[in-house]
Amino acid sequence: MSFQPSSISASSYLRIFLLCAFCCEFSFIAGAETIQLNPVADTTLLEEFSDNNMGGHTHLAAGLTRTGNSRRALLRFDLEGQIPADAAILSAELTLDVTLAGNTNNGAMFELLRVLKDWEEGDKDSNLGRAAENGEATWLSRRHQGELWDSPGMQQGGDFAEAASSMTFVGDLGTYTWTGLEGDVQSWLDDSSTNFGWLFKDQAESTNQTARRFASREDTARAPILTIEFEAGPSFLPGDANEDGVVGLEDFVILKDNFGATNATRQLGDFNEDGQVGLDDFVILKDNFGTTEGNAVPEPSSACLALLGLLAIIHGSRQAVRLRRSR
Ligand SMILES: [Ca+2]
Ligand SMILES: [Ca+2]
Ligand SMILES: [Ca+2]
């Protein structure tokens, strides 16, 4: 007996689909993901060496020196291509490694503040920096021989945000973490043109010898780490035709009933929104079958569902031929 695709009824589809769904192996993938990023730029501004740049050195410095001069650091992270543009940031925290503390008795609160203007890292590399070349960030300039900061060492409210994003007390050598940075990261993900990174400084800058060295990105073994937990996801669930938050059998039935339709909508099974309900839409449903909004993602074996797609197409085309003949 030969195989007769046109003899397959709609109810047969459902039986095959159910059988496949039960036979398929399901694996579960967590909805939230975590990524760790090193800075793409970091440097130190030195008060008494106000035209020096230190962007290529292996440490950042922040706090007040023995003689009361300020050190302030800048760090920027690139999110583009690292996190989906439509992701929701669940948490973000920055970890820094203190590699030298001049006076470990003089611990201090260190804070991160959003930078509001662009700056250039530069590549000078000694403990006190070296004379900046054009374009490199210094205590006076966000770009040497180009744009000055609003005031030397950067101005609160103009060059950096009024309110700190995070604060942590730093004492002896070791690693320290600044938490609660998800708002900043989300805003940079939503609009990358506002991503100028953070200013890192001693909050009070009132006690000498709070200055510490923190490993910079050039110290690859101990570089700053921004840990971001995010949940990727479009505003609608691909394959969820009836918009009940689950990609399931009901969505398959909707797609099947509308297979071949033109001027279709997502609610009729046109998941890639090209106006037609077709094989591409079936593949989207197959790839997302079992997905629920914000939760685990069961992943059925693709082979059995691909077979269903093929059957659906054959059936759809035979039905169309029969309809045309009957007219
Ligand atoms: Ca650097
Ligand atoms: Ca659904
Ligand atoms: Ca489509």
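What covers the buried residues of H2? The legends below take up this point along with other close-ups of a predicted model.

**Figure 1. Overview of the protein chain in the predicted model.** The chain has 327 residues, and 35% of them are buried. Its secondary structure consists of five helices and 13 strands. Among contacts with a separation of 6 or more, 74% join residues 24 or more positions apart.

**Figure 2. Helix H2 and its cover.** H2 spans residues 182-190, and its buried residues are Asp184, Val185, Trp188 and Leu189. These residues sit on the same side of H2, because they cover an arc of only 135° around the axis. The cover over them includes three strands: E6 (88-101), E7 (108-114) and E13.

**Figure 3. Strand E2 paired with strand E5.** E2 runs over residues 41-46 and is mostly covered. Five of its six residues are buried. Its partner E5 takes in residues 70-76. The two strands pair in the antiparallel sense, over six bridges. One opposing pair is Asp42 with Leu75, the latter in E5.

**Figure 4. Helices H3 and H4 side by side.** H3 covers residues 249-257, and H4 covers residues 279-288. Their axes come within 11 Å and cross at roughly 175°. An angle over 145 degrees counts as roughly antiparallel, so H3 and H4 are roughly antiparallel to each other. From H3, the contact draws on Asp251, Phe252 and Leu255. From H4, Asp281, Phe282 and Leu285 meet them. By class, the residues of this contact are four nonpolar, no polar and two charged.

**Figure 5. Burial along H4, and the glycine after the helix.** The buried residues of H4 are Asp281, Phe282, Leu285, Lys286 and Asn288. Asp281, Phe282 and Leu285 also take part in the contact with H3. Gly290 follows H4 and has a positive phi, near 95°.

**Figure 6. Glu218 in the loop between E12 and E13.** The loop lies between strand E12 (212-215) and strand E13 (225-231). Is Glu218 buried or partly exposed? Glu218 has 16 other C-beta atoms within 10 Å, so it is partly exposed. A residue counts as buried only if 20 or more such atoms lie within that distance. Glu218 touches Gly56, His57 and Thr58, leaving aside residues up to four places away in sequence. Gly56 is 162 residues from Glu218 along the chain. Even so, the C-alpha atoms of the two are separated by 6.8 Å.

**Figure 7. Two non-glycine residues with positive phi, Gln209 and Glu243.** Most residues other than glycine have a negative phi. Gln209 has a positive phi of about 65°. It is found in the loop between strand E11 (198-202) and E12. Gln209 counts as partly exposed because it has 18 C-beta neighbours inside 10 Å. Glu243 also has a positive phi, of about 50°. Its place is the loop between E13 and H3. Which class does Glu243 fall in, buried or exposed? Glu243 has 12 other C-beta atoms within 10 Å, so it is exposed. The cut-off for that class is 12 or fewer.

Definitions and conventions. Residues numbered from 1 in each chain as written. Chains lettered and ligands numbered in written order. Predicted model: local features only at pLDDT ≥ 70, side-chain atom pairs only at ≥ 80, totals over all residues. Helix = DSSP H or I, 4+ residues; strand = E, 2+ residues; numbered from the N terminus. Pairing = 2+ DSSP bridges. Contact = placed C-beta atoms within 7 Å. Axes fitted to C-alpha atoms, helices over the stretch in contact; angles between N-to-C directions. Parallel < 35°, antiparallel > 145°, perpendicular 65-115°, else oblique. Nonpolar A, V, L, I, M, F, W, Y, C, P; charged D, E, K, R; others polar. Arc of directions from axis to C-beta.
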